[in-house]
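Biologist: I would like to go through a model with you, feature by feature. Please give the general idea where there is one, and then the case at hand.

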Amino acid sequence: MTHFFRLPRLSWRFVPVWQRNYLVWKKLAIPSILGNLADPMLYMLGLGYGLGSLLPDVGGMPYLTFLAAGTVAYSTMNAATFEVLYSSFSRMHVQRTWDAIMNAPLTLDDVMLGELSWAVAKSLLSGLAILAVIWGLGLYGHFWMTLWIIPVVALVGFCFGGMGLVMNALSPSYDFFLYYFTLVITPMVLLCGVFFPVSQLPPLLQSVSAWLPLTHAVNLARPLVVGNVPDSIALHVVALLAYGSLGYVIALALTRRRLLK
Amino acid sequence: MLKARGLTKRYGDTEVVRGLDLNVRRGECFGLLGPNGAGKTTTLRLLLGLIEPDGGSIELAGIAVPRHAREARMKVGVVPQMDNLDPDFSVRENLLAYGRYFGMEKAAIAARVPELLEFAGLSNKADAQISQLSGGMKRRLTLARALVHDPDILFLDEPTTGLDPQARHLIWQGLRRLIADGKTIVLTTHFMDEAERLTDRLAILDHGRVVAEGAPRALIESHIEPVVVEVYGEGMEDWTRTHASQVCQRYETVGETLFCYTDSADTVIAALKHAPALRYLHRPSSLEDVFLKLTGRDLRD
């Protein structure tokens with residue numbers, strides 16, 4: 001296994017891979033946007049207004065605002081995860097598009113960087129849509145502060161794109177991804193302060209939560225929505241970068257091994 | 001154009017390629033033949049720098065591989081065994097997208113598209129979806145796609161497997177056009193008629209080694225008697241026991257057929273006159289006889 005590991009050799013050759021995915025997406029943009037974005041927005045507005053009207057302030061803000069900030073992180077995570085799981089898997093395993101591309105002067109490093117950067121683009125789209133709702137409903141503290149959410153969203157996309165690529169490398173079929181959602185993504189959504197503050201959790205789970213990437217995403221996004229400078233910015237940024245980069249490097253080694261078989 | 005020296009590749013404990021030497025000249029059509037598992041596809045992947053050899057050296061279009069595989073692949077077009085056209089794109093978009101992987105400008109690719117479509121016989125299918133194409137059309141498009149960046153050398157992995165005879169002839173026609181244009185071609189195949197028809201020289205691989213190399217006709221002449229009589233039918237075994245060693249220079253039985261190799265079939269046929277229950281086929285020896293002699297007749301799975 002060890003000899004499949006080596007540092008990624010990055011090059012600009014990943015751009016045509018990104019562009020390929022963009023051109024395909026463009027053909028089906030409208031249903032894709034609706035499908036990807038309507039869902040988190042409905043949850044956010046439904047729960048935010050419905051549940052929110054029953055609740056006092058949560059975490060020092062109206063529940064809708066609390067939830068909107070969580071939804072930015074959560075829908076971004078989902079967008080990146082879905083892209084590198086189902087869509088990348090189709091291209092790698094079912095359609096053999098990666099094989100075709102690697103007969104051109106591209107390496108697996110380029111192809112997977114293209115996939116990762118495309119996942120970031122999809123995350124941006126998803127995050128921006130939620131941000132637009134936040135702007136539209138006036139759920140923010142300072143408008144200029146909310147612009148920082150855009151790079152945060154890209155970072156979150158990078159983090160979960162890199163992690164998801166590991167699952168992509170390991171998966172024998174689409175069914176396998178269900179484990180990842182049931183065992184990783186869903187618990188994370190519940191543990192990382194998307195729907196309710198982490199302080200509501202028992203101490204043990206709180207300390208687990210502190211290590212999870214989505215917690216770092218929420219801890220960056222929520223203060224920016226409310227209009228505060230987040231605490232420990234460097235820690236959160238480094239954590240998200242680390243999860244994403246580590247995921248990419250491990251996924252590269254695992255995929256290299258997979259494609260040799 | 002392509003040189004490989006002492007190439008080896010191991011997967012775990014199995015040595016898939018074992019000290020392989022190859023030399024393909026510019027403008028030549030070179031065939032790689034071998035039973036399943038002989039190492040043909042692994043060899044192609046090594047030559048392209050897609051996997052790293054455990055030993056040996058490769059020079060592709062004058063460039064060291066795998067060290068400079070990227071640069072080398074700029075000069076190579078590949079037609080893989082399994083169709084991997086992009087199903088999310090139309091015929092034309094497949095060519096456009098593929099050109100971009102080689103760093104070509106959109107305008108430069110677009111200028112080449114009509115010529116490539118004409119070559120593939122798909123001029124009237126430019127906007128068709130991949131799922132609407134027949135197997136032969138898909139293979140022709142894959143061939144056209146491999147030419148998008150005007151490579152010097154083409155690698156084809158079993159280019160006509162799974163195609164009907166008409167579609168095979170169209171592919172052969174296309175390949176002959178490319179050879180006439182001066183392209184160098186390396187192809188693997190299971191079809192002996194394809195190899196005899198297309199290649200200038202070929203190498204027969206078995207167990208990861210070259211067991212014979214040369215022009216198809218020269219290989220037949222140097223390895224096999226010129227004539228074969230295939231004998232089959234009721235009583236073949238008895239006849240083999242009583243006559244084969246006297247009338248054949250060399251013989252083999254495979255299943256229910258006796259292959260009798262000889263310089264002249266006259267004595268064999270004269271002897272067969274006295275065994276009316278037996279049927280026979282008299283033919284010149286072919287590449288297939290060489291192949292089977294060198295790689296054995298046992299089934300490879």
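Modeller: Let us begin with a single residue. With 16 C-beta neighbours inside 10 Å, R18(B) counts as partly exposed, because that class lies between 12 or fewer for exposed and 20 or more for buried. Bear in mind that this is a predicted model.

Biologist: Where is R18(B) placed, and which residues is R18(B) in contact with, leaving aside its neighbours within four places in sequence?

Modeller: R18(B) belongs to strand 2 of chain B. Once the neighbours within four places are set aside, its contacts are T8(B), H207(B), G208(B) and R209(B). As for E196(B), R18(B) is 178 residues from it in sequence and 26 Å from it in space, C-alpha to C-alpha.

Biologist: How should I read the sheet that contains strand 2 of chain B?

Modeller: Strands of a sheet pair through backbone hydrogen bonds, either parallel or antiparallel. In chain B, four strands form an open sheet in the order 2-1-4-5, and the pairing is antiparallel. Strand 2 (14-24) and strand 5 (63-65) of chain B are the edge strands, each with pairing on one side only. From one strand to the next, the twist averages 25°.

Biologist: How many bridges join strand 4 of chain B to strand 5 of chain B?

Modeller: Three bridges link strand 4 (residues 55-60) of chain B with the antiparallel strand 5 of chain B. I58(B) has V65(B) in strand 5 of chain B as its bridge partner.

Biologist: What should I look for in the backbone itself?

Modeller: Most residues other than glycine have a negative phi, and most peptide bonds are trans. A61(B) is not a glycine, yet its phi is positive, about 50°. A61(B) sits in the loop between strand 4 and strand 5 of chain B, and its 18 C-beta neighbours inside 10 Å make A61(B) partly exposed. V65(B) and P66(B) are joined by a cis peptide bond, with omega about 5°. P66(B) is in the loop between strand 5 and helix 2 (69-73) of chain B.

Biologist: What is the phi of R96(A), and where does R96(A) lie?

Modeller: R96(A), also not a glycine, has a positive phi near 60°. The loop between helix 3 (63-94) and helix 4 of chain A holds R96(A). R96(A) has 18 other C-beta atoms within 10 Å and is partly exposed.

Biologist: Which helix of chain A supplies the largest share of the side that touches chain B?

Modeller: Start with the counts: 16 residues of chain A are in contact with 18 residues of chain B. Helix 1 (15-27) and helix 4 (97-102) of chain A each give at least two residues to that side of chain A. The largest share, five residues, is from helix 4 of chain A. By class, this side of chain A has nine nonpolar, four polar and three charged residues.

Biologist: And how do I describe a pair of helices?

Modeller: Two packed helices are described by the angle between their axes and the distance between the axes. For helix 8 (residues 216-223) and helix 11 (residues 287-295) of chain B, the axes come within 9 Å and cross at roughly 55°. These two helices of chain B are therefore oblique to each other, and their crossing is left-handed. P216(B), L219(B), I220(B) and H223(B) in helix 8 of chain B meet L287(B), V290(B), K293(B) and L294(B) in helix 11 of chain B. The residues of this contact are six nonpolar, one polar and one charged.

How values were computed: Residues numbered from 1 in each chain as written. Chains lettered and ligands numbered in written order. Predicted model: local features only at pLDDT ≥ 70, side-chain atom pairs only at ≥ 80, totals over all residues. Axes fitted to C-alpha atoms, helices over the stretch in contact; angles between N-to-C directions. Parallel < 35°, antiparallel > 145°, perpendicular 65-115°, else oblique. Left-handed = near helix turned anticlockwise from the far one by under 90°. Contact = placed C-beta atoms within 7 Å. Nonpolar A, V, L, I, M, F, W, Y, C, P; charged D, E, K, R; others polar. Pairing = 2+ DSSP bridges.
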